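Good morning, and thank you for coming. I would ask you to keep the display in view while I speak.

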Amino acid sequence: MKKIGVLAMQGAVDEHLQKLERVGATACKVRNKEELEQIDGIIIPGGESTAIGKLLATFGMMQPLSKKICSGMPVWGTCAGMILLAKKICDQENAYLKTMDILVRRNAYGSQLDSFVTTQKVKHVAEKEIPMVFIRAPYIEKVDTKVEPLAEVEGHIVAAKEKNMLVTAFHPELTEDDSFHDYFVKLC
Ligand code: GLN
C-alpha cells in the first residue's frame, strides 16, 4: 500500500489525511527530514503560503523537500501548496520551493468574501465534472511549455501538471468527491 505524507506545518492537513485513508492509502503527517524519507508522495496543503514558507525555512525543510521533489517524488500542492511550488509569484520578488515552471497570482479572486464553489471537468482526473472550492485562491497566470494545464475557470488555469508535480488552485479535500485523491495516489 502506498504511504502518502501531508506536509504538516500549517493549513488543511487533517482533511487531506482523512481523504487519503478513504481512497485506500496509508497517510501520515510530515514535519521533518526523517518523515520525508519514509513516504511515496506528498501533499502540500492549503493554508497561508507565507506562514508555511516561514515554517519550512525555520525547520530546515525547504531544501530537503525541494530536492526530494526534483529527484522525482510525486507532489500535489493545493492552493497555498501550489504557491509554494511555483517558480514565480506575481508582484513578489522571492518564491519558495521553486520546483514548478508556473507563474501564480496570489489571492487572484479577491478576499475571503470572494470565495466560491463551481464544478468543472479536469483532464486525466475524471470524466464527470467535479466540485471545486476556491478560498482566497490563486490562479496560474502563465505556464512553461513543459507544463500541462488540466482545467480552466473563467479563462484562468486552476489545475496543472508538470512531470511528478500536480497543482490545484482549489480544495478537493473539502468536498465529497474522491477523484483527485484517487488520481494522486495512483501517480505515487
Ligand atoms: N491566500 C492564501 C495564500 O496566499 C492561499 C489560500 C488557501 O490556501 N486557501 O497563501
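This is a predicted model: local features need pLDDT of at least 70, side-chain atom pairs count only at pLDDT 80 or more; totals for chains, interfaces and linings use all residues.

Leaving aside its neighbours within four places in sequence, with which residues is M82 in contact? They are G77, V104, P138, V167, T168 and A169. Contact here requires that the C-beta atoms of two residues, placed from the backbone, lie within 7 Å.

Residues are numbered from 1 along each chain as its sequence is written.

Let me begin with the overall fold. The protein chain contains 6 helices and 12 strands. These are DSSP runs, numbered from the N terminus: helices are H or I with at least four residues, and strands are E with at least two. Along the principal axes, the C-alpha atoms of the protein chain fill a box of roughly 40 × 40 × 35 Å. A compact globule of 188 residues would have a radius of gyration near 16 Å, and the 15 Å of the protein chain agrees with that. The radius is taken over C-alpha atoms, and the globule rule is 2.2 Å times the number of residues to the power 0.38. Among contacts in the protein chain with a separation of 6 or more, 66% join residues 24 or more positions apart.

How much of the protein chain is made up of buried residues? The share is 42% of the 188 residues. A residue is buried if 20 or more other C-beta atoms lie within 10 Å of its own, exposed if 12 or fewer, and partly exposed in between, with C-beta atoms placed from the backbone.

In soluble globular proteins, nonpolar side chains tend to be buried together. The largest nonpolar core in this model has 57 residues, of which M82, L84, L85, A86, V167 and A169 touch the most other members. Helix α5 gives the most to this core, with 5 residues. By nonpolar core I mean a set of buried Ala, Val, Leu, Ile, Met, Phe, Trp, Tyr and Cys residues joined through C-beta atoms within 7 Å.

I turn now to the annotated sites.

C79 sits in the loop between β4 (75-78) and α5 (80-85). C79 is buried, because 28 other C-beta atoms lie within 10 Å. Beyond four places in sequence, C79 touches G46, I135, A137, P138, A169, F170 and H171. E173 occupies the loop between β12 (165-168) and α6 (179-187). With 25 C-beta neighbours inside 10 Å, E173 also counts as buried. Its contacts, again not counting residues up to four places away, are A12, E15, H16, K19 and T78.

The next subject is the ligand. Its surroundings consist of G46, G47, E48, S49, C79, A80, I83, R106, N107, I135 and R136; the criterion is a C-beta atom, placed from the backbone, within 6 Å of the molecule. The UniProt annotation "binding site", from an unreviewed entry, covers G47, E48, S49, R106, I135 and R136. Although these span 90 residues in sequence, no two of their C-alpha atoms are more than 12.9 Å apart, so they gather at one spot.

Is E48 buried, exposed or partly exposed? E48 counts as partly exposed, because it has 16 C-beta neighbours inside 10 Å. E48 lies in the loop between β3 (41-44) and α3 (49-58). S49, by contrast, is placed in helix α3 and counts as buried, with 27 C-beta neighbours inside 10 Å. Leaving out residues up to four places away in sequence, S49 touches A80, I83, L84, Y96 and R106.

I close with a point of backbone geometry. Most residues other than glycine have a negative phi. D91 is not a glycine, yet has a positive phi of about 60°. D91 lies in the loop between β5 (86-89) and β6 (100-105) and counts as exposed, with 6 C-beta neighbours inside 10 Å.

Note on methods:
UniProt positions are given in the numbering used here, feature names are shortened, and annotations may be inferred rather than shown by experiment.
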